[in-house]
Every structure is written in C-alpha cells, then in structure tokens.
Amino acid sequence: MAVILTAKKVVKRFGGLVAVNSVDFDIPEKSIVSIIGPNGAGKTTFFNCITGFGKINEGEISFEGTPIHRLRPDQITHLGISRTYQNIRLFPDMTALENILVGQHLFLHSSWISAVLGTPRVHAEEKMALVEAQRLLNYVDLKGKGDMLARNLPYGAQRRLEIARALATKPKLLLLDEPSAGMNPRETEDLTAFIHRIRDELGISILLIEHHMRVVMGISERITVLDYGEKIAEGTPAEIQSNPHVIEAYLGRGASTAGMANAHERFSDSKTKSKSR
Amino acid sequence: MMKKDNLTWIAIKTGLLSGVIAIFLCLIGMVEVFSKRDVVEKIITLGDFILLATAVSAGVIAARAASQTDQQRQPLKSLFAGALAGITTGVLIAAFIGLSQQINLRSVFLSASPSLFNLLTFKGGTSWIWMYPAIGIAAGLLGTTLFLLPEKFRQPITRAIFITFLMALFSGLFRVVMINQSSGIAKLAKYLFGQTGLTLSGAIIFFVAVVAISMFWSARSKNLQEGFARIPKRGQTSIRVVVFALLAYVVLMLPQVSGPFIAQVIVIVSLYALMGLGLNITLGFAGLLDLGFVAFFAVGAYTVGLLTSYGIFGLQHIPFWVAAPIAVLVSMMFGAFLGLPVLGIRGDYLAIATLGFGEIVRLLAGSDFLAPFFGGPQGIIGIQKPCLGTLGEFIRVDVPRVCNGLEFAGPKEIYYLAVASAILVAFIALRLQRSRLGRAWMAIREDEDVAEALGINLIQTKLLAYMLGAAFAGLGGAIFTVLVGSIFATSMQLIVSINVVALIIVGGMGSIPGVIVGAIALIGMPELLREVSEYRFLFYGAALIMMMLAKPEGLWPSQATLRELHHEDAGEDSEIAPAKSSQAKA
C-alpha cells in the first residue's frame, strides 16, 4: 500500500527534555492509524511536529514525498494535512458557518481589492463558498445551526464543527486529537461511525490520538504506542493488546508477568478510569 | 428586622456615595462652570441639574436595591429607601457648605471659591442650607417614582428627560442655525430656545412631544413595521430612495445652513472617524492593539505637506488630488514598515512596541536633526488648499498658487471632502469585513495558531491589516493638513492615539457604525459643548468605566456581538436540539 506520510528518526526537544525521541512512523494511504500512550508520552507533541507548530530538532517528515518539516503551518495545510485539537479550539465569537468559511480560506482567491470593488467573480466565489460550507454543516449533522456562535453550541456539536472546519481545507490526511474526549458512550459510538464514514466516503487518511480504548481498538487498522517519547510498539490492535511492553507502560512492571489472560480487561478498565479521573 | 436594617444601610450608603460625587463635582469647579448654562431658562441651570441628577440617581439605585431584597414589589419600602438616599445626599451637601463657611477650603481646592458658595446657598448665606435635605428627599422620591412606574410610562419619560436635556445642551447651536432662516423659523427658534438654554415653553413642548411620540411608537411600531412589509417591493425601494435622498440633501446642505463652526466640528469628527475606521481594522478586526496609531496620521499629513506646500519646505507643488493618494500609499508603506518588526509580538508587548513607534515618529518629525526636511518645531506652513479647477503656476516661496475654480479654503468646503472620505472608507471597511480577508482577520483575532493551521498566511494577513489601517489614518492626516494649512509635530501627540482607541471601545469594538457613533460621542460632543471640553478627560474616563460596566459591547455593537446576546436568550433551546439530532442519527 502506498504511504502518505513518513516520519524518520524524528527528535523534538524542549530544553533538556526529549519529548519525541527518534520516532519512525508511517501512515498508509486511506487508512486509520492511532497513536496511544500514557499521559505525557509525547503524542500531541508529535502531532504538532507534523502540522508545523513546533519545528523538529532532528530527522525528517515527508508528506507524499515532499519534506514538510521546514514549512510553516499554513503551507503544510495547503499540502493537505488538517487537524483538530485536544481542547476544542473553534473561533468562539464567530458563527458556525463563519468557522467553516475560514477553513475554506485556501480555496478562495479573490484579492482584497476585488472584494472592495465587489466584482461578479467575488460574488460567485462567496456564493459557492457558502454552499460548500452549508454542505459541510449538513455533513456533520449541524444543519440549521450555521448562524449560531461557535461558543454557544453544545459540546458534541463543537467537536463535530471542528471536524467540519478541518474538512473544509480539503485534507488528504486528517489528524484528530482525542476526538472522543468528554463524550458519552452513545456519542462515542456515533463518532466511531463518523470517522469510518470520513475515510470511506472522502478517501481521507486519518491519524488519531485517543485514550478511549474501545474507540482505538474498534477503529484502528494500525496502532503505534509511544512512551516517554519513544515508540515502544507498533501493530494491529490484536498485536498491541498482547504486547508485554505496552502493558508494562500502562500498568507498570509486574503487570506483564502477572498473567496475560486477564490483562486485556484490566488494560481497558484502567484506561477508562484514568480518563474519568 | 435584619433585612430592614440592611436596606437602611444600603440606602444610606448610596446617598453618601452620591453626596460625595456631588461634592467632588463642586470642588473641581464643574458645578460653577455649568451654572453659566441653563437647562431651562431662569428655572434650572446645568449646574443645578447635575447636582439634582446625583440625588435622583441615588433614589433610583436605592429603590432598585429595595425591590431586590424582596420577591414582591413593595412601593412603600422603595419610597422609604429612595427618600433616605436623597436626604443623605442633601445632608452631605449641606454639611459641605456649612464646613466651607468655617474653613477656607480654597487653599487646597482652587475651585471652592466664594462664587461657588454664593451659587450653592442661593446668595442667601447659610440660612438656606436646610433646603438641601428637603430637595434631597424630593429628588430621591422622584427617582423612586421613576423606578416604580410601569415600563410603559417609565421608558417614554426617561427618554423625554434625556432628549429635552440634549436639546437644552445644544440649544445655542439650534438657535444660531435657525435664527438665520426665514422669519417664521426664527420666531419658532426664539420661542423654543433662549440665549442660554431652553425656554420654559420649549422644554415643555419637547418633553410632551417625546413622551407622546415614544408612547405612540411603542404601541404602534409593530403595526408600522408590518405595514411597511406589506407594501410591495417596488414601493419599499422607492420609500428607501426617498429617505436616502432626504438624508443626502441634509448632509449636502448642512454646512451652508450651520455656518463654519459646526462644519469644522463635523470635519474633526470625520477625521477621527477615518482614524477610528483604520484602527478598527487592526484592532477591531485583526485584534492587533496599536497605541501609536497617530504615526500614520502624521505620515499622511507630512506627505501632503511636503508635496503641496508653497512654503520653504515644499518639495513639490502638486495639487492635493495627486498628493492625497500618494500620502495614502506612503502611509501604507509605513504600515508595513511598522508591521514587519512586530509580526511575532502579541498582546501587551505589541501595545508597548507600537506606542514606542508612535512616539519615535513624533519626536523625529519635530527634531532639530531632521529640521532641514520637516521644519522641526516650526513645522511646515503654507499648505496649498485643494482646488477643484485649474491651479495657477507656482511663482515663488510663500506665494500661494491661484485657484481658478472652487477652492476648498475653509471648513465649510473641506466638510465635503472629509465627509465623503469617511463615507467611502466606511464602505471599503464594510466590504473588507465581509470578505475572505475580513474572516481571516477575525480568525487571527480569535486564535492565531488555529488560523495559521487552517492555511491562513499570518505574515501576509497581519501586514495587510497594518497597511490598510495605516492607509485610512493617512487619508485622515492628509485632510487634516489642508484643513489647518500647516503641520506641527506637536499636534501628533499620544493623546490622539488614545482618543482613537477610546472611541472604538465606546462605539463597539469591530463595529463600523460603532466607530462613527463613538467619534460623535467622544469627539463631537466635547467640541460642541465648550463647557464639557474643559472636563473632557473626566468625561472620557467616566464614559469608559460606565461602558465597561454597563455596556461592554459598545454603543453600537457589531453583528456578531448582537447575535451572541440573541442566542444567549435562546440558550436552553440549543441544549435540547443536539440531543434530538443525535437520536435522529442513531
């Protein structure tokens, strides 16, 4: 299978702290891949490295063969990578529709001068943008909420709006940072189905950071485990669940020798607990 | 019992506070200065009015506090609280007068002059002091009554008081304007407006008229709006056209009717509106606080000065119509020049950096070092007025070129230039706000990192905000130069930048009509009311604090803010709706 994103020996340091240590990582095209790991394992830092928020210290990241680790965030977005945030970061004082319109920024080309003059091309372009924004709103099940300020939307709707805004940049790779955080089981189920839909209908590769083990195990084709900035395991959900290194990272030394039979259960239990804490 | 004590204490506290405010207004000389103006001739002066207003508002506040202590409305309790607050105010003022008879306050407070006390004691000595508690009770009760009135009557009455008061403040202006008209209008003017304030009959007429109109409007406005909606589309458009034509006619004729003083005030308001619209782009839209905004005004002014002056510093002698666009372009370049080094700076640091930039421009322009180019402290004089027609040849220094045609010599002509520019720039700003660029600015204001992650080029977008903001301010500077006919570095003070920031905040951040309302309120009013202009900064400070407390969104908030308020009312619906939709999905 063709690979859409490759990271080679990526190192990111904050002063003396090595947040990401020599990580190799691939995302196959049109796949759903997850990164998991305990708190502080460097997952979000790794996301930031891909999207250009933090410049990496060593190694290289390339997207469809183009090196991107020296580009600005907006240039990376232009190439086709978009993301959502762990703590929702919508534009709170803009409407839902405006949030999506901002996401379409890259595909609108009218200059400010033609906007001031109000040329027919600008009108046509704005009209098309509105239609597209409305379509995206419907796609994430927010029909009729376009005129509401983002801050006044309920939590689940904000999550979905953030995904719609990310989709507005027409990405080939979508990075979702803990999309199910704070959701109830029913919403989580909906979300899982929705992520599948995005991949299947739009052909977008998806990289997830997720703590919710049911989501991760149910949705991912491949999983990468980070601990203290290092990759400790990689494989299919089944392989990861039985990997002693992973269980050790999550539950501590001893757990891996304490009988593999019920490790599964304890593993997912402990995660739900740590989440609710 | 406890509750009642509590209420008594609140009422006394309110009264003490308003009494202290009243004494403060006396001691800074405001009451004395304002006493020279009447609200209603021979009945109540402006000075009396503000003293009375403190007691009345004490009554309103105390009454409100009384109504909040209980679920039910108890008019007697409110009246008691209002009267108590009023009497406390009165007693405090009386005590102040009594004290001032014993001690010479003048050694500390310059304004505590004998004439002030003559005013306060109605020229009757201390024997009249007992009046104050009595007036205080009356005023407190008046405030309480106002508060207790049902909404239907309260709103028209408060509106009527406010508008009659405004009419009284501007009565001199109305009188001057109307007296120059036909004899009928002149007679009407003399009937309504006296020399120093409204006549009694004028005050009654305005009060009754506003109450009547306001009550009629609140009863019928829905019908009228529906009636308007029922008119066919074509009819609606023609009504709009007629209204617009009427407005345009008023704008065109105003300086001819009102004379140069009002024209000049409107020019200054327009210039501040131009700067406000510029800063509204950088601060209101893109969220980049610029405290050195006057720098761009200076750049625009000096560019036009150097390019058109017939004095010794004139480099070129081109017409204003060519120089103004050049000034706008040069200001834009300066905008980029300022923007580049501060691109990565955010928030407070940006404010300080731009503050420095503004001061640097002013100091450089006025420095001896650059005096050979910019005239230093002597400034640039002899700036050619704009001329609609052919301009005569430049002969020699200090001789203005002859204008064959319409010369924009004074405020009455420059009025058209300034107002037209302000309208044009407001239109441009409106178009920008609704464009892709406007959305990008707002995204940067809300969250810079996320905006960048959505593909917005921060460097380009921020620079455009600085450049376009600077361009508008530069145009303002260009017009200011030809209005005054000279430029001095001393007119580019920091206070100008602060005024512009203040008018944006008062008007409503990010709102284009708000900028214009803010410019009228903060610049136009003090210019028109000479008495107020002495206390301009007191007025500013009070206005800003009151805005932040009572109406943080500004006088004319932007659409987004309005929508926000609207949706907070409907907040409960929005909580329910998504549950439905997720069920529908499942």
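The following legends describe close-up views of a predicted model.

Residues are numbered from 1 along each chain as its sequence is written, while chains are lettered from A and ligands numbered from 1 in the order in which they are written. Because the model is predicted, local features need pLDDT of at least 70 and side-chain atom pairs count only at pLDDT 80 or more, whereas totals for chains, interfaces and linings use all residues.

**View 1. Overview of chain B.** Chain B has 26 helices and six strands; helices (H or I, at least four residues) and strands (E, at least two) are DSSP runs, numbered from the N terminus. Along the principal axes, its C-alpha atoms fill a box of roughly 80 × 80 × 55 Å. Of the 586 residues in chain B, 44% are buried, that is, 20 or more other C-beta atoms, placed from the backbone, lie within 10 Å of their own.

**View 2. The contact between chains A and B.** Chain A contributes 39 residues and chain B 34 residues, where contact denotes C-beta atoms, placed from the backbone, within 7 Å. On the side of chain A that touches chain B, the elements giving two or more residues include helix 6 (155-168) and helix 7 (185-202) of chain A.

**View 3. Surroundings of B:E446.** B:E446 belongs to helix 18 (residues 436-446) of chain B. This residue is buried, with 21 other C-beta atoms within 10 Å. Leaving aside neighbours within four places in sequence, B:E446 is in contact with A:F91, A:P92, A:D93 and A:M94.

**View 4. The largest nonpolar core.** This core, a set of buried Ala, Val, Leu, Ile, Met, Phe, Trp, Tyr and Cys residues joined through C-beta atoms within 7 Å, has 180 residues. Helix 12 (residues 260-285) of chain B gives the most to this core, with 16 residues. B:L503 is among the residues with the most contacts inside the core. Not counting residues up to four places away in sequence, B:L503 touches residues including B:Y272, B:V515 and B:L522.

**View 5. Strand 8 of chain A.** In strand 8 (residues 205-209) of chain A, five of five residues are buried. A:S205, A:L207 and A:I209 point one way, and A:I206 and A:L208 the other way. In a regular strand the side chains alternate between the two faces of the sheet. Strands pair if DSSP finds at least two bridges between them. Strand 3 (residues 32-36) of chain A runs parallel to strand 8 of chain A, joined by four bridges, and A:V33 has A:L207 as its bridge partner. Strand 7 (residues 173-177) of chain A also pairs with strand 8 of chain A in the parallel sense, over five bridges.

Technical notes
Buried ≥ 20, exposed ≤ 12 C-beta atoms within 10 Å, placed from the backbone. Contact = placed C-beta atoms within 7 Å.
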